[in-house]
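I opened this entry to record what I looked up in the model, beginning with the whole chain and ending with a single residue.

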Amino acid sequence: MAKVCQLTGKKTQVGNNVSHANNKTKRKFFPNLHTKKFYLESEGVWVTLKVSAKAIRTINKKGLEASLIAAARKGTLSV
């Protein structure tokens with residue numbers, strides 16, 4: 001499965017390791033993803049999502065339903 005947050009759309013970024021001698025080699029920056037279960041009260045079901053730490057904080061602040069609606073409106077929601 002791809003390393004992409006299902007709510008925010010955060011994905012792997014590419015950059016360089018830079019040594020003291022200024023040699024550059026490619027590396028990857030992975031998002032801080034967690035597989036987490038959330039309870040969707042309107043449907044009465046548990047939903048498993050692969051989300052970043054930032055998305056978890058957003059869900060705690062706004063609620064799961066509001067976060068899902070905002071992600072769908074923004075176009076980053078992947079199912």
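My notes on the chain and then on one serine follow.

I am working from a predicted model, in which local features need pLDDT of at least 70 and side-chain atom pairs count only at pLDDT 80 or more, while totals for chains, interfaces and linings use all residues. Residues are numbered from 1 along each chain as its sequence is written, and side-chain values use heavy atoms, with hydrogens and water left out.

**Chain.** I found 2 helices and 4 strands in the protein chain, taken as DSSP runs numbered from the N terminus (helices H or I, at least four residues; strands E, at least two), and along the sequence they follow the pattern β-β-β-β-α-α. The radius of gyration is 16 Å, well over the 12 Å that the globule rule gives for 79 residues, so the chain is more spread out than a compact globule; the radius is taken over C-alpha atoms, and the rule is 2.2 Å times the number of residues to the power 0.38. I also noted that the C-alpha trace spans about 55 × 25 × 20 Å along its principal axes.

**Burial.** Of the 79 residues, 23% count as buried, meaning under 20% relative accessible area with a 1.4 Å probe, protein chains only.

**S67.** I looked up S67 in helix α2, which covers residues 64–74. Is S67 buried or exposed? S67 counts as buried because its relative accessibility is 6%. Leaving aside neighbours within four places in sequence, S67 is in contact (heavy atoms within 4.5 Å) with L7, T58, I59 and K62.

Conventions
Buried means under 20% relative accessible area, exposed over 50%, partly exposed in between (1.4 Å probe, protein chains only).
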